Amino acid sequence: MVDPKLPNIANHTLGLILSGRSAEAGLESFSAGDWEALSKRAQAEGVGPLLYWTLSRSGSGSSVPASTRDFLRLTYAATRIRNQAIFSELANLLPLFHRAGIPVVLLKGACYALTIYPDPGLRPMGDADLLAPRLKLAEAVRIARSQGFVDAVPEAAPGLRDLLNHEVCLRRAGPQPVTLELHHSLVADRTFTYAVPVDWFWQQTEALKPSPAGFGQALALTPTAQVLYAAAHAMLQHGGETAPLRWFHDLDLLIRHYRDRLDWELLLSQARKFEWGSALEAALAQTVAYFATPVPEGVRAALAASPDHYRDLVAMKQERPATHILLEGRKLLSLNAYGRFRLALALAFPTPAYMRWRYGLDTSRALPLWYVLRWWGIFKDALRTLAVLAQKVRPASR
């Protein structure tokens, strides 16, 4: 029996259940505590609704304690309600974008929930991600603002969003708050060393199918482009260490659902062109490990033999950093010199608006004290970072 209380083992247990291999997980020997730990892990990894769905349809649900079934059922219900709120906002916004002549591509969760998942309540979404042309982004933001959306997070420094971010993040308050991210590029913008032109992705678009009422002329990326984007988003933009299990399940479903449409040769050639091969290799390897995804062996062999500049970065991002400075250091390593300077300055001296948002301050009167506390925190984290680095150097010098 595997111990579902251990995080990494719990993810592999969830992978067995969600991919129809429950017999290998030894569910019959799970205690009530095991089920509670596994269900909480599923919720944290974004697959709680899917675990409820899978157990309900596999015949294994009767062996699950009632408290766990109720917890998972509520997780599914809450996800479905939240997703419906997001889809309702999209049904309001997308026709407005279309009338303004702004083509829009649904990305990630919103697209997956509608296309590759058997039920739209199975794929939790933190926000709705849309890709719009760079030259029309300002108009798209203006339209969203006219519908009650406002900036979700203040800028840490003037102009930093345009320099480092490839999206504008907006939020609309209400009983079910909705966050909207309007992208003008994918994975990273020009300041990041691994950024790529977005033109290829625009060439790899098609009509969203199925398209709910009100979504009009919404687009989706082709299956091949979705796989490449999902892999780079998980392993380069965020890093495998922070990637939740649901992202790898997305990849598994993309490959299974579109197995007859995936162009593996195009996927490999474009990964080489972008130098995203190491990110694609790492993402596919983890997906196969969790879900036994049917990835052709030749594809994995070709990726392993294909060098790119970001292999070390992808490998580094699969380990959890010991301090916040080491975490931010990863982002700094991904930027060009000017980007590093601007980000470091913003981390040390963020704007008053950002400070009030970050620390929940109602007024600016206490800001000087909070700046001092921030710098003191940075100093303590720097000492911890030096200690961590010293520990790594010490064994090597013996």
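# Notebook: a predicted model, looked up piece by piece

**Entry 1. Helix H5**

I began with helix H5, where Lys-108, Gly-109, Ala-110, Cys-111, Tyr-112, Ala-113, Leu-114 and Thr-115 are buried. The model I am reading is a predicted one. H5 runs over residues 108-115, and eight of its eight residues are buried, so I noted the helix as mostly covered. What lies over these buried residues? I found that the cover includes helix H4 (66-99) and strands E1 (105-107) and E2 (128-131). The cover also includes E7, helix H9 (223-238) and helix H10 (245-257).

**Entry 2. Leu-219 in strand E7**

Next I went to E7, since it turned up in the cover of H5. Leu-219 is found in this strand, which spans residues 219-221. I listed what Leu-219 touches, leaving out residues up to four places away in sequence. Val-104, Val-105 and Leu-106 are among them. Trp-202, Thr-205, Glu-206, Ala-207 and Leu-208 are also touched by Leu-219. Then I looked up how far Leu-219 is from Trp-376. The two are 157 residues apart along the chain, and their C-alpha atoms are separated by 48 Å.

**Entry 3. Glu-45 in a loop**

I looked for Glu-45 and found it in the loop between helix H2 (32-44) and helix H3 (48-58). Is Glu-45 buried or exposed? Its relative accessible area is 9%, so Glu-45 counts as buried. Setting aside neighbours within four places in sequence, I found Glu-45 in contact with Asn-11, Ala-243, Pro-244, Leu-245 and Arg-246.

**Entry 4. Salt bridges**

Side chains of opposite charge can pair when their charged atoms come close. How many salt bridges does the structure have? The count comes to 13.

Arg-73 bridges to Asp-70, with the closest N and O atoms 2.7 Å apart. Both residues lie in helix H4, three residues apart, which is about one turn of the helix. Arg-73 has 36% relative accessibility, so I marked Arg-73 as partly exposed. Asp-70 is also partly exposed, at 38%.

Glu-89 pairs with Arg-172, and here the closest N and O atoms are 3.5 Å apart. Glu-89 lies in helix H4 and Arg-172 in strand E4 (residues 167-172), so this pair ties together parts that are 83 residues apart in sequence. Glu-89 is buried, at 15% relative accessible area. Arg-172 is partly exposed, at 28%.

Asp-381 and Arg-384 meet in a salt bridge of 3.1 Å, N to O. They are about one helical turn apart because they sit three residues apart in helix H18. Asp-381 has 7% relative accessibility and counts as buried. Arg-384 has 45% and counts as partly exposed.

**Entry 5. Aromatic rings**

I then turned to the rings. The structure holds 18 aromatic pairs. How do the rings of Tyr-371 and Trp-375 sit? Their centres are 5.8 Å apart and their planes are at 40°, so I noted the pair as tilted. Both residues lie in helix H18, four residues apart, or about one turn of the helix. Tyr-371 is buried, with a relative accessible area of 15%. Trp-375 is partly exposed, at 36%.

I also found a cluster: ring pairs link Trp-200, Phe-201, Tyr-229, Phe-274 and Trp-276. Elsewhere, the charged end of Arg-57 sits over the ring of Trp-53, 3.6 Å from the ring's centre.

**Entry 6. Thr-351**

Tyr-371 came up again when I checked the contacts of Thr-351. Thr-351 lies in the loop between H16 and helix H17 (352-359). With 17% relative accessibility, Thr-351 counts as buried. Apart from its neighbours within four places in sequence, Thr-351 is in contact with Glu-155, Ala-156, Ala-157, Pro-158 and Tyr-371. How far is Thr-351 from Ala-157 in sequence and in space? They are 194 residues apart in sequence and 5.6 Å apart in space, C-alpha to C-alpha.

**Entry 7. A nonpolar patch**

I found a nonpolar patch of about 750 Å². Ile-325, Tyr-338, Phe-341, Leu-345, Phe-349, Val-372, Trp-375 and Ile-378 make up this patch. Which helices each supply at least two residues of the patch? They are helix H16 (337-348) and helix H18 (367-397). Tyr-338 is found in H16. At 46% relative accessibility, Tyr-338 counts as partly exposed.

Notes
Residues are numbered from 1 along each chain as its sequence is written. This is a predicted model: local features need pLDDT of at least 70, side-chain atom pairs count only at pLDDT 80 or more; totals for chains, interfaces and linings use all residues. Side-chain values use heavy atoms; hydrogens and water are left out. Patches are made of residues with over 30% relative accessible area and no salt bridge: like charges are joined within 9 Å, nonpolar side chains (Val, Leu, Ile, Met, Phe, Trp, Tyr) within 5 Å. Accessible areas come from the Shrake-Rupley method with a 1.4 Å probe; for residues, only the protein chains shown count as cover. A salt bridge is a side-chain nitrogen of Lys or Arg within 4 Å of a carboxyl oxygen of Asp or Glu. Buried means under 20% relative accessible area, exposed over 50%, partly exposed in between (1.4 Å probe, protein chains only). Contact means heavy atoms within 4.5 Å. Rings of Phe, Tyr and Trp (its six-membered ring) pair if their centres lie within 6.5 Å; planes under 30 degrees apart count as stacked, over 60 as edge-to-face and the rest as tilted. A charge sits over a ring if NZ of Lys or CZ of Arg is within 6 Å of the ring centre and within 35 degrees of the ring normal.
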